[in-house]
Amino acid sequence: MKIRLRFSKFGTMKYIGHLDMLRYFQKAFRRAKVPMKYSEGFNPHPIMSFASPLGVGVTSEGEYMDIETKVDVDLDAMISDLNKEMVEGTNVLSAKVLDDHTKKAMAAVSCAKYVVFLKKNSQVLSEVDLEKATREFYDNQNEIVVLKKTKKGEKEVDIKPYIFMFEGTRFQNASFLKDLCVDIKDEEFCCNDDDPVFLLQVSTGSNDNIKPELVMKAFYEYLQLEEEAVIAIHRVELYQGEKNQFESLGV
Amino acid sequence: MRKLFLSDEILMSVEKSARYIGNEVNSIKKDPKEVDLRFCMCFPDVYEIGMSHLGIQILYEMMNRREDVYCERVYSPWPDLHKIMKEKNIPLFALETQEPIKNFDMLGITLQYEMCYTNILQVLDLSQIPLLTKDRSNDDPIIIGGGPCVYNPEPIAPFFDILYIGEGETSYDALFDLYISERNKADYNRQDFLRKASQIPGLYVPSLYEVTYKEDGTIDTFLPIYEDVPKTVKRQVVVDMNTSAYPTKPIVPFVQATQDRAVLEIQRGCIRGCRFCQAGMIYRPNRERSYEVLKDYAKEILASTGHDEISLSSLSSSDYTQLPELVNFLIDDCCKDGVNISLPSLRIDAFSLDVMSKVQDIKKSSVTFAPEAGSQRMRNVINKGLTVEDILGGAQKAFIGGWNKVKLYFMLGLPSETEEDMKAIPELANEIAALYYETVPKEQRNGKCQITMSTSFFVPKPFTPFQWARMYEKDEYLHRAKIVNDTMKEQLNHKSLRYQWHHADVTVLEGIFARGDRKVADVILYAYEHGQYFDAWGEFFDMQNWIDAFDACGVDMDFYIMRERDIDEVFPWDFIDCGVTKKFLQREWLRSKEEVVTKNCKDQCNGCGCAEFDCGICLR
């Protein structure tokens with residue numbers, strides 16, 4: 001049976017790298033006695049793949065993983081068994097059965113939504129009208145050119161086609177925060193009412209992967225303000241499909 | 001939600017920050033306010049190395065079974081974090097509660113190899129605990145050392161309050177009980193506590209002993225300064241391996257540990273009596289854990305960890321009585337659903353080749369022999385009971401079975417080694433290669449065979465028959481490696497041979513630490529204070545810094561390396577009653593000079609002295 005899981009990663013687990021997460025889940029599946037399907041050969045490994053690697057330091061409530069089991073399983077029981085084997089900071093949120101024709105999450109993913117918080121007591125944007133500034137930065141510019149690191153060095157790239165949404169506001173006005181599963185009040189980036197917060201949707205996947213940090217850098221450059229060192233990034237959701245028709249990878 | 005001790009800013013700026021966050025699967029959570037004694041267990045190397053060590057997991061399990069004790073863990077911060085902690089004056093903290101170690105009652109440091117000695121000081125320094133026992137006050141934790149290096153604790157004696165000699169399972173309860181009762185007294189005094197602790201079996205309190213030296217630099221007297229402090233310290237031994245604590249829910253790290261697998265300790269000690277081998281002496285007598293107990297442990301550990309590999313731990317797995325039963329059980333009952341079995345240190349014979357062909361890909365794997373010496377003469381000197389017939393016979397079976405890669409492990413610089421002995425190493429490898437071409441017809445060959453020789457340089461260790469032996473200077477070791485390399489090139493099958501040798505600088509330093517006395521402690525302190533740590537890591541080891549440290553402290557390296565010891569010399573470690581007697585070791589040293597072999601413990605008791613522990617192989 002092919003299954004897609006959605007899970008969250010928060011708190012101290014945000015320091016666990018992608019490959020370590022893979023190993024962590026492999027072991028959790030065994031502890032929870034999920035009847036995983038294994039590859040052939042002398043070093044069989046369970047058939048599983050993450051939709052999109054999450055950078056170290058980034059929290060998320062929109063992580064997806066496709067797995068395959070040897071026999072059919074009851075999804076609710078599997079979720080509950082798995083969550084008993086998880087440490088604080090990872091939670092399996094939901095699961096759905098995939099039909100044989102469904103594209104793997106890793107191949108299908110095309111877009112990610114992020115919330116970006118600034119570090120506590122940040123002053124640089126305190127005088128800026130964020131709604132207006134983000135509109136001008138995103139809607140009024142025809143192109144957003146940044147220096148992007150490549151294998152050969154750096155080159156200028158227009159990232160505007162890969163940004164699908166960019167909004168900034170103050171914490172108290174950020175209605176989108178109400179829908180988050182992870183209790184952001186617990187996180188280190190916990191904000192005051194008038195601290196800035198941003199909502200982004202950017203291209204994600206094997207081609208044209210845009211990190212939210214890069215968009216923020218361009219934003220600061222546009223405002224001619226000094227970039228702030230520490231921001232906290234929270235991934236909200238992953239999508240598949242084309243621009244204007246994005247749909248959630250999950251359930 | 002758990003709070004971390006380091007800020008997000010710091011954690012995001014260092015490599016592998018997951019080393020410092022704790023919260024691993026199966027790590028123990030207790031309320032520190034509910035316990036009487038807070039212990040922090042330390043492996044003074046980086047997290048991935050320390051987390052691979054079985055001993056700490058055993059003691060962690062054992063100590064945390066006590067409701068009044070909370071045992072946590074700490075490892076050496078990598079140099080990137082070390083620098084930040086020094087700069088910002090951040091104290092070192094334990095992984096579980098993320099609280100500074102300086103507020104703990106005890107810090108236990110395991111000493112698995114000599115090259116970690118500077119990291120002892122790193123851990124104390126970052127913890128903001130005085131480096132020397134004499135400078136510590138009532139409020140500092142009690143610093144305890146343990147592990148194989150404490151069989152000569154003298155080069156590090158001034159850094160420790162207590163050194164625990166032997167297996168940790170036996171005396172910690174008595175130490176904890178004593179501490180809890182003393183610490184609750186209004187007039188608690190560290191010195192009084194240590195003096196009382198020195199009377200617990202196996203505990204050595206170095207500050208309670210005084211050493212005097214002869215004019216030639218060797219030890220004259222080594223005596224306790226009070227009458228109630230024992231003259232000798234007896235090594236502690238677990239008598240019953242089936243009832244002693246074992247971690248069936250070991251911690252599963254997030255960061256991949258060097259040994260990322262379930263481990264079954266099938267036995268302690270070794271029956272073989274190789275004369276160079278410290279482990280073969282200091283863990284006597286050989287004690288097996290029963291097959292029935294191991295079966296349960298294997299199932300429990302795999303279920304509680306989710307590991308996809310299980311491995312056997314012992315000094316010589318082939319000597320375990322019920323090995324075929326155990327291995328078949330693991331293959332039949334555990335090795336499904338993607339669980340692999342890894343089998344280290346097996347003697348190559350029909351049985352082991354059959355097992356290996358079931359659990360490994362023959363094309364990719366190799367068979368390994370550890371003849372340790374190239375010539376039969378030399379193997380008699382070191383009492384390695386492996387003959388050229390054993391090696392060639394095993395290799396031939398392996399070639400017929402489809403293997404074409406062989407690994408061979410040797411030592412250079414063994415006592416009485418001649419040029420012939422050195423040349424015998426590549427000659428043996430050549431013979432094995434020739435055997436491959438004789439045994440396997442051309443059309444069945446999968447390319448050339450590949451015979452890889454590795455040599456390490458021999459370091460004499462305390463409580464071995466070779467504790468009297470001399471060592472050599474760096475250039476002499478490299479000269480010997482060159483003889484091997486040159487001789488290899490002359491061999492008929494040289495295109496099938498490969499040769500690797502170790503660095504010689506580290507060997508020399510390891511030799512000084514292994515048999516050093518208290519004077520060496522000054523050098524280690526000086527080297528740490530001048531920037532040396534993580535010496536076990538090639539990229540941080542700097543021999544010139546060490547040479548400067550010896551010069552600055554006026555300690556002569558050659559005194560420790562270049563001298564063959566007089567048969568009656570008082571060694572720094574003579575105050576330890578290891579079970580194996582000095583008389584037995586002297587006899588073995590003389591027999592090695594006569595090139596006479598000594599039988600293993602299964603065939604004959606040789607009266608080493610360990611029968612008094614009254615357990616294991618000695619009861620048979």
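**Figure 1. Interface between domain 1 and domain 2 of chain B in the predicted model.** About 720 Å² is buried between domain 1 of chain B and domain 2 of chain B, with 46% of this on carbon and sulfur atoms; buried area is the accessible area (1.4 Å probe) that two parts lose on being put together, summed over both. Within domain 1 of chain B, the residues losing the most area to domain 2 of chain B are Leu54(B), Tyr151(B) and Glu167(B), which together make up 59% of what that side buries. Domain 1 spans 8-231 and domain 2 spans 261-346 + 579-620, bounds that come from an automatic or database domain assignment. The contact (heavy atoms within 4.5 Å) takes 8 residues from domain 1 of chain B and 10 residues from domain 2 of chain B.

The model is predicted: local features need pLDDT of at least 70, side-chain atom pairs count only at pLDDT 80 or more, and totals for chains, interfaces and linings use all residues. Residues are numbered from 1 along each chain as its sequence is written, chains are lettered from A in the order in which they are written, and side-chain values use heavy atoms, without hydrogens and water.

**Figure 2. Salt bridges between the two domains of chain B.** Domain 1 of chain B and domain 2 of chain B are joined by 3 salt bridges, each a side-chain nitrogen of Lys or Arg within 4 Å of a carboxyl oxygen of Asp or Glu. Glu167(B) pairs in this way with Arg268(B), the closest N and O atoms lying 3.0 Å apart.

**Figure 3. Contact of chain B with chain A.** Here 34 residues of chain B are in contact with 27 residues of chain A. The two chains bury about 2700 Å² between them, 57% of it from carbon and sulfur atoms. In chain B, Met1(B), Asp8(B) and Phe254(B) lose the most area to chain A, together 25% of what that side buries. There are 2 salt bridges between chain B and chain A; the side chains of Asp260(B) and Lys27(A) meet in a salt bridge at 2.5 Å, N to O.

**Figure 4. Surroundings of Glu72(B).** Glu72(B) is buried, at a relative accessible area of 0%; buried denotes under 20% relative accessible area (1.4 Å probe, protein chains only). Leaving aside neighbours within four places in sequence, Glu72(B) is in contact with residues including Phe39(B), Tyr60(B) and Phe104(B).

Note on methods
Buried < 20%, exposed > 50% of the residue type's maximum accessible area, 1.4 Å probe, protein only.
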